[in-house]
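Please read them with the structure open.

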Amino acid sequence: MAEPLLSVRGLKAGYGDFQALFGLDFDLGEGEVMALIGANGAGKSTLLRSLTGLVRCGRDMVRFQGEPIGGARPDRIARLGIGMVPEGRRLFRSLTVEENLIIGGERATGGAWTLERIYGLFPILREKRKNPGTALSGGQQQMVAIGRTLMSNPKLILFDEMSLGLAPVVIKDIYAALPAIIGTGVAAILVEQDVTRALSVAQRFVCMQEGKVSLAGRPAEHSRAAITAAYFGVAH
Amino acid sequence: MDWLNALLQGVLLGGLYALFAAGLSLIFGVMRLVNIAHGDLIVAAAYLALVVVEATGLHPLASAVIVVPVMALIGYGMQRLLLNPTLGKDLLSPLLVTFGISVILQNGLLVSFTADSHRLAAGSIETASIEIVPGLAIGILPLMMFSASVLIIWGLELVFYRTSLGRAFRATSDDAEMAQLMMLDRRHIFGMAMALSAAVVAVAGIFLAIRTNFDPASGPARLIFGFEAVIIGGLGNLWGTLAGGIVLGVAQAIGAQISPGWQILAGHLVFFLVLAVKPRGLFPRMD
Amino acid sequence: MTPAFSIERSTRASRLTAVLSLGVLATLAAAPWWAGRADIRLLGEVYSFMALASLWNLLAGYTGLVSVGQQAYVGFGGYVLFALAMFLGIHPLAAIAIAGVAGALIAIPIAPLLFRLQGAYFAIGTWVLAEVFRLVFAQVSSLGGGSGASLPAGIVTGIAADRALREMLVYWTALAIAVATLAFVVMLLRSRTGLALTALRDSEIASESLGIGIWRTKFLVYVAVAGFTSMTGAFIFLQKLRISPDAAFSVNDWTAYVIFIAVIGGIGTIEGPIIGTILFFLLRETLADLGTTYLMILGAVAILVMLRAPKGLWGMVVERTGLTLVPIRRRVTFPK
């Protein structure tokens, strides 16, 4: 079997004295979309932060394309091809929309995603390109955040709470763009409150509970009740 | 006419103060660091210019071709070796490290050059002046320095708002964590910010050396003048800083007209007045 | 029923410290009978620096107000003492107490102004303030203007006619100031305000949500520290018998050394400034002949400590042993 794109083994991490992850294992293949679900405080955000290097962890706990990257500097991990669309968008407020997009890509090696292609995917951004990023609506800001990450042409994108705080109609628009993004062969990990929506676009899922994997597999393999039990920690 | 002349001199002096301030403001903007050694770096640059001029016979203004890159390198090294390890922890550590650097620089200069004051001779250009109206003349040299300051501030604005490095500075300042996810190595970005600041410091040092006598203890006053210009002008706005420098220069010139002992004091009092009346400075950046 | 745990503040080490410090205090108070004149003078200086360093530490290490301008209050206190003694004929020892009050009073309008400066810019603001004080006192010709003044012999002998008695009185004053300052710092940190300060240091947002008036707390600490610093300054210049603007408002003497002491001893600990002061004087007595080089060594050591052991010498001791000599916080203990 070919080497997985991302391989997580015995991942433990936390903040200072507080441990949030207690030995996580999972793999993700090239171009695969994985839903990461779990209740608040299950450790989803800490997992994403460990994968991007924002939280320290042991070197061999995370491998990307076979290379150990655990605990590497965030900018180096980004260079290797892991991008993140963070919770709350976090656009650079003193940069315009276009500058936000450019800064996402200007240190990357290049690839399919260009400024033109982002504007093709989200035409409204072309109109607003001279505006400060933070002057946009929540949905438009989310488009900029997605575009900014795409500009680096990552091999793996981590989407953290993409629909948090957005109106349902806006969420629909954002999700409508997802096939065009995933269609280019990029792998993705989707953290989402709306479990049904996340499972509908994912080929695989990992459910977390108290810093551990409580259930994993393909959405079709498990009953809704089993997933709910893994989510809330109710006994089978 | 004396008063008008003093006012004019004050405005021109303000350009130099803005130059003291620009480097300080730049690194505060990028990494929220206040460099207590800023003034001592200006004085160190003045001494470096002195050494270069004595060794090569270059004109003081031409010594910039050596002083500017050397200071930029020193700034980059200082940031990466001494300051980066302290950043992100708290306010205290970086501040105290720059305080230590200040003590070392001042006493290092004292050991190397004694406490005697020096000045760089710029030749005939020093006395040349244009008479605008009878009795009111502008010195060529102060005018050149003022113009250079305006040019440098304009250049810094260009770097900040029109270049990739400037985008990286602003992004890091907005959200250092996200900037790292955009492949920005903040150790390098901070190093570049300090290098740019030190390059401006180098020019300020050369101008200082031509304009006045300097000695190893001249640094703190330059830090304070630069700081006052930043606060008077308003944080985060380089053109405001230029205005702040001019306000400070004029205040000092007017103070000096009243009594020589009042020159510096008048500047400080205007600073506190602005702080009391407009705590965000005269021209705060519109957010 | 035995309780599952108990809450206590004192530890065995801290009770031992209390007994020991009483002994040390008694020995130091008796110094005029066992130490030479030069040693008495040196001890007076040691006490002043201990007080200044503890006060700076309270500001920077606990309150987050990093000042590089405390020389403003040192010099102010000194000048107030000279003015009171020379113009109003007030007894110098009484003038020290008045100088403390005057320092606190003048800090009241200054604090709100300086607090407008953001973060680290506050530090330079305090320096500007000290410069303003220096330039203003240099304009006062009745106090000698820029060249300064000496305390007239009549005032000095007015403290006490007998020289030995005078030197004893001055010495005890220094000891009293240091003890009072340390007691103030310890008591403040043990009070509600002190707990608020620790919360404030650990997280500004957390303490804000606890409803602690950050601004008011900072204000009170700043004003009180200004008062004690002025008092110490008044003593320093009583011992020197001479004052000038450059000496009174010297950033090197009253801030650089003090910061060095707090940094090597351990910022944010009670014990740090005390240990730092002892180290500082040991270094000074052995290396001062090096002159300027000595100052460069101090700067380099301070940077090294900030980079390698930011909690200073005392912080390292605490980390290794868990020792607490002056307990501030209460700790929960479980019976074995």
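1. Some conventions come first. Two residues are in contact if their C-beta atoms, placed from the backbone, lie within 7 Å. Axes are lines fitted to C-alpha atoms, for helices over the stretch in contact, and angles between N-to-C directions run from 0 to 180 degrees. Helices (H or I, at least four residues) and strands (E, at least two) are DSSP runs, numbered from the N terminus. This is a predicted model, in which local features need pLDDT of at least 70 and side-chain atom pairs count only at pLDDT 80 or more, while totals for chains, interfaces and linings use all residues. Residues are numbered from 1 along each chain as its sequence is written, and chains are lettered from A and ligands numbered from 1 in the order in which they are written.

2. Chain A has an open sheet of six strands in the order 6-7-8-3-9-10, with mixed pairing; two strands pair if DSSP finds at least two bridges between them. Strand 6 (82-85) and strand 10 (212-217) of chain A are the edge strands, each pairing on one side only. On average, neighbouring strands of this sheet are turned by 20° against each other, direction ignored.

3. Strand 9 (residues 204-209) of chain A runs antiparallel to strand 10 of chain A, and five bridges join them. Opposite Phe205(A) stands Gly217(A) in strand 10 of chain A. Helix 1 (residues 44-51) of chain A lies across strands including strand 3 (33-38) and strand 7 (156-160) of chain A, and runs at about 150° to strand 7 of chain A.

4. Gln65(A), although not a glycine, has a positive phi of about 50°. Gln65(A) is in the loop between strand 4 (62-64) and strand 5 (67-68) of chain A. Arg89(A), also not a glycine, has a positive phi near 65° and is found in the loop between strand 6 and helix 3 (97-105) of chain A.

5. Are these two residues buried or exposed? Gln65(A) is partly exposed, with 15 other C-beta atoms within 10 Å, whereas Arg89(A) counts as buried, with 27 C-beta neighbours inside 10 Å. The cut-offs are 20 or more for buried, 12 or fewer for exposed, and in between for partly exposed.

6. In chain C, helix 3 (residues 37-62) and helix 14 (residues 271-287) pack at an angle of about 140°, with their axes 9 Å apart.

7. The contact between chains B and A takes 14 residues from chain B and 20 residues from chain A. Helix 6 of chain B gives the largest share of the chain B side, five residues.
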